[in-house]
Amino acid sequence: MAHNGFDKDEVITVLNKILETELAGVVRYTHYALMVVGYGRIPIVGWMRAQATESLQHANEAGELITLLDAHPSLGIGPLLETHRHDIGDILRESLDHEMLALSAYNTLLDLVSGHHVLLEEYARRMIAQEEMHLGEVRKMLKKPGD
């Protein structure tokens, strides 16, 4: 169904994917926070829990946009891969993959609504900027001093 120059059904599908991905982030980061051990545990757990909280905020925002478009938010959750590798490097690499998945969904949304819906376009741009910052943070965390 076309709506203001964009395919409303396709936009809702992408917003539901974003919702599900962000909900998976809540579970993923909560799990990671529980699994961190070692000298750096306390600040890393704090960072992971903050990521879980932020993912929940992002999921709520996507859900609100879905209902704004008179649609029904998904009750699903994105993929949750349990690798049973809990080294902080493994956790961060899995986090990187998760953030890339979210970034891809936000870029898809931007492509669909660009020039057609200011609210959705600004939302997508803001979320892309946030996801790119997260990716940068995780990449920095994965670096060894002196790299």
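Biologist: Which helix does glutamine 51 lie in?
Modeller: Glutamine 51 lies in helix 2, residues 41-68. Helices here are DSSP runs of H or I with at least four residues, numbered from the N terminus. This is a predicted model, where local features need pLDDT of at least 70, side-chain atom pairs count only at pLDDT 80 or more, and totals for chains, interfaces and linings use all residues. Residues are numbered from 1 along each chain as its sequence is written, and side-chain values use heavy atoms, with hydrogens and water left out.

Biologist: Is glutamine 51 buried or exposed?
Modeller: Glutamine 51 is buried, at a relative accessible area of 6%. Buried means under 20% relative accessible area, exposed means over 50%, and partly exposed is in between, with a 1.4 Å probe and protein chains only.

Biologist: What is glutamine 51 in contact with, leaving aside neighbours within four places in sequence?
Modeller: Tyr29, Glu99, His134 and Glu137. Contact means heavy atoms within 4.5 Å.

Biologist: Moving to the rings, how many aromatic pairs are there?
Modeller: The count is three aromatic pairs. Rings of Phe, Tyr and Trp (its six-membered ring) pair if their centres lie within 6.5 Å; planes under 30 degrees apart are stacked, over 60 edge-to-face, and the rest tilted. One of the pairs is tyrosine 29 with tyrosine 32: the centres are 6.0 Å apart and the planes stand at 85 degrees, so this pair is edge-to-face.

Biologist: Where do tyrosine 29 and tyrosine 32 lie?
Modeller: Both are in helix 1 (residues 8-35), three residues apart, which is about one turn of the helix. Tyrosine 29 and tyrosine 32 are both buried.

Biologist: Why is the pair of tyrosine 106 and tyrosine 123 edge-to-face?
Modeller: Because the planes of tyrosine 106 and tyrosine 123 are at 70 degrees, with the ring centres 6.0 Å apart. That pair links distant parts of the chain, with tyrosine 106 in helix 3 (residues 88-113) and tyrosine 123 in helix 4 (residues 118-142), 17 residues apart. Tyrosine 106 and tyrosine 123 are both buried.

Biologist: Which residues do ring pairs link into a cluster?
Modeller: Tyr29, Tyr32 and Trp47.

Biologist: New topic. Where is histidine 117 found?
Modeller: Histidine 117 is in the loop between helix 3 and helix 4. Histidine 117 is buried, with a relative accessible area of 16%. Neighbours within four places in sequence aside, histidine 117 is in contact with Asn4 and Phe6.

Biologist: And lysine 144, buried or exposed?
Modeller: Lysine 144 is exposed, with a relative accessible area of 58%. This lysine is found in the segment after helix 4.

Notes
Helices (H or I, at least four residues) and strands (E, at least two) are DSSP runs, numbered from the N terminus.
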